[in-house]
Amino acid sequence: MLRLDRRLLQNVDWILLGAALFIIGLSLVCLWSLNPGRGISSLVWRQVSWVGVGLIGLLVVVSVDYRNLVRTAPVLYVLGLGLLTSVFVLGRTVSGARRWIHLGPLTVQPSELFKLIFIITLAWALTAGRGERFSRGALIGTFVLLGVPFLLVVRQPDLGTALVLVPVLAATLVGIGIRMKVLGALTLAGVAAMPLGWFVLKPYQRDRLLVYLDPFRDPLGTAYNVIQAKIAIGSGQLLGKGVGGATQSRLSFLPERHTDFIFAVFAEMWGFLGCLVLIVAYVLLVMRGFEIAAGTRETRGRILALGVTTVFAAQILINIGMVTGLLPIVGIPLPLMSYGGSSMVVSLTALGLLLSIRMRQFH
Amino acid sequence: MALSAPPPNRREAWGRRVLALAVVTAVAFLGLVGQLWYLQVLEGGRMHELSEKNRIRIRPVAAPRGILFDRNGLALVDNRPAFTLSLIPREMEDRNSVVARLSVLLKMPVGDLLEALERVPADSIRPVRVRRGLSLEEVTKVEERKLELPGVIVEVEPQRVYPTSTFAAHLLGYVREVSDEQMKQGRYRRGDMIGQSGLERLLDEYLRGRDGGERIEVDALGRPVQVMRREEPDPGAQVITTIDRRIQEIAEQAMAGKAGSVVVLDPRNGDVLALTSSPAFPLDRLTGNIDREEWLRLVKDPMAPLMNRALQGQYPPGSVFKIIVAAAGLQEGSLAPMDQVYCNGAFSLGHWTFKDWKAGGHGHVDLRSAIAQSCDVYFYQAGLKVGGDAMARYAQAFGLGAPTGIDLGGERFGLVPFSASRPRSKRPWQAGDTVNMSIGQGQLLVTPLQVARMMGAVANGGILWKPRLVQRVARADGSLAYSASSKMTERVELSPVVWAFLRNALAAVVKEGTGAAARLPGLDIAGKTGTAQTIAKSDSAKGQDHAWFASFAPADDPQAVVVVFVERGGHGGEVAAPIARKIYEAIFLQKVAQVTLGESG
């Protein structure tokens, strides 16, 4: 199955892979310092095993020609829709949202996986027509195809994931050269549809949305998180407090510290300089992604590469933005850093997709 | 038509656009670095200081629950401040020792405390309410030992108070902490107090309001230094019901010690003025801490105090049903007011004999006196003339066998048997069934509320109202959150002559017939007694009949419908009618008083 000829191996993007592994390393150090248990069930070891699963996913994707993957898009799409729908039936409700399903001892978050399927479907749908020109029909078809899962994700409700899908779509459309007039019209339509969405939401969902927009509506919940996260980050100062001195994180003043707010833990421990290193690693990763997208000739590869890169960029920016108080709180993990199986496996698989495109760039 | 740029230079164009996206992304990353510079370098010192002390605590401020008022603006429930013992998991550094100390101090089982804590994440900042309604003495004990009890706080929460323990219990419903099951709906937070039954549940969204909170700065010992920010709670909305507190109270007093139900409606608009079900459950006991034994006792009580008999109890209507038989017979022409029957106390049909309630019989009776005296023999024959199907059709037209649509949950349908609808497996409909049905026995089942609605229709000339309990809900700022107008659900079309006859005959029941015990000077009451046989007649302890009195007044200008039902109470005329009399006294207090004064003076 792994038919990797030498020519392919020569084109492995070591910078991309290196940046990703470096970030994962930082994540493991962070998790270990939060929960320094040595047992096999500790956070670190569980995360390590997820990294293992993710790397297998990466290898599988790398060994397959991504064009074949795009051809299976309809199957993946239907499968993905099924998973998303199953959440409503089998789903486990955690703080009001049904995002997870049980598979034996594991809980899987289908919306996480769907980010990837979304991109593959995008590449498939936009190139489904003849030739290299993107027709209006293909565009409308794309919107219909992606509107359904989008609504499913919103209903879970998983606003964070849904919000990530929007920039991916936007970037792809910009990439394929949609006319600015059309893009403008779409943006306007989206803005106009927002109040409509408001009426579709249940009252408690509206409440939640208002909390997103104004954290002080809910001084006990989200506002607390933001305040404590800001204190944690700020108190790291220039050089950080080190692993032992991170009181904010160690004394568990920080909420969700190993998942969505892990950046705050990192910032407290390693300070501004540490953050700079981490951000440089992320920028390296994202810029390599853009480079791969720019350097690819084949249309499906271009769209895939751009989509994957945008997913990474959007998640990183939104997550760090919200933890540092620039953006409202939405539930988005920090790729490769946050604890969580679904996110880690999907991130590494997505990375595999980028590598795979890069390796076959010159075919 | 192509939406994309023209094909030449495609590659370059793609590259340019990707570059543009990359630049946008890079700028965004620069923004993040800027924010980090601000937080960590410029503000770093201050943030460090804050983290050193970590002095910020967040406390919820509970929203007072909305008040329910009666139609005259009298409160049906109220709030008073109550002390609640809460634990904040995140601030409890050594959970076990704190719990142990607390358990000794307040004599609470350690298990209960730990169980409450285990339901929430160990790092939750939200207080877990472990005991409501602390006494002042207990509050002092906790406050004195505050330093040994990190993470233990005493909150002041508004709590429900009721006029009396069981006042309007089924109507109002109880309020209790959200259950694990309800938590799954995702609408509530642990520790929220929500309406669990009755109007409290129906209107919970309005009544609950929204909790506020305050961010306070504390010193190293956890004592508050200053309030940094306070978000005021939104108090719950106020509910104006259709209930008349005075009538409700009188009705409950009159039913004290009896099982059954009283329903008082306004026949002009369907407003529910009073609705009782006894025995009632103690609201205050269910509201506070969950007392398992008390709960089990209520659930297992053979008298079923949790059941709202007014709409969930299904009973044979007994002779009250004769109103339907008379209405059907007159309207269909199978009965005429002047037809006479000789009642010798028994009626034979084939080899069956049906007895009259009065041994020896009533002698010569016509329809009016048959209603007034509740003569069974007359109605056995009348039922056969009218026919089972017509009786069933009229019963349904008067709303029997169907829910009234009242806003309280769990309403039962009752049952109107139909000769055609009898399942094949059972024996077919026989003449004996028709005879039984004509005096409201057999399979016929009604709820007291259905009977009240039916009497309302007799009183107002055929309009079946949807019973209205809530007039309006007003938010704290005065705006209207909800309002309901009277709704007519169905209309019974009878000739005016029939209506007039029925009202006249029902007035005769009280003036000269079986309902004499309801008689009040100065007030013409129209009504019908009913004594319904129960199935378990042989059981001597329980063997009494159900007593009914269904009525309205004044007979010529009906303003109130009063239905009294006493479970296994005995004869309707002897047991239920005097209760109705007390209620009319309360409703028409002034009118009755004037006449009484006039007579004595």
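Trainee: What share of the 601 residues in chain B is buried, and what makes a residue count as buried?

Mentor: In this predicted model, buried residues make up 43% of chain B. A residue is called buried because 20 or more other C-beta atoms lie within 10 Å of its own. For chain A, with 363 residues, the buried share is 49%.

Trainee: Which residues of helix 18 of chain B are buried?

Mentor: In that helix, residues 431-438, they are B:T434, B:V435, B:N436, B:M437 and B:S438. Each is called buried, so each has 20 or more other C-beta atoms within 10 Å of its own.

Trainee: What do the buried residues of helix 18 of chain B pack against?

Mentor: Their partners in chain B include helix 14 (322-332), helix 16 (376-386) and helix 17 (388-397). Strand 14 (346-349) and strand 15 (352-355) of chain B are also on the list.

Trainee: Why are strand 14 and strand 15 of chain B said to pair?

Mentor: Pairing needs at least two bridges, and these strands have four, so they qualify. Their sense is antiparallel, and B:L349 stands opposite B:W352 of strand 15.

Trainee: What lies between the strands in that hairpin of chain B?

Mentor: Two residues lie between them, and in this hairpin B:G350 takes a positive phi near 60 degrees.

Terms used:
Residues numbered from 1 in each chain as written. Chains lettered and ligands numbered in written order. Predicted model: local features only at pLDDT ≥ 70, side-chain atom pairs only at ≥ 80, totals over all residues. Buried ≥ 20, exposed ≤ 12 C-beta atoms within 10 Å, placed from the backbone. Contact = placed C-beta atoms within 7 Å.
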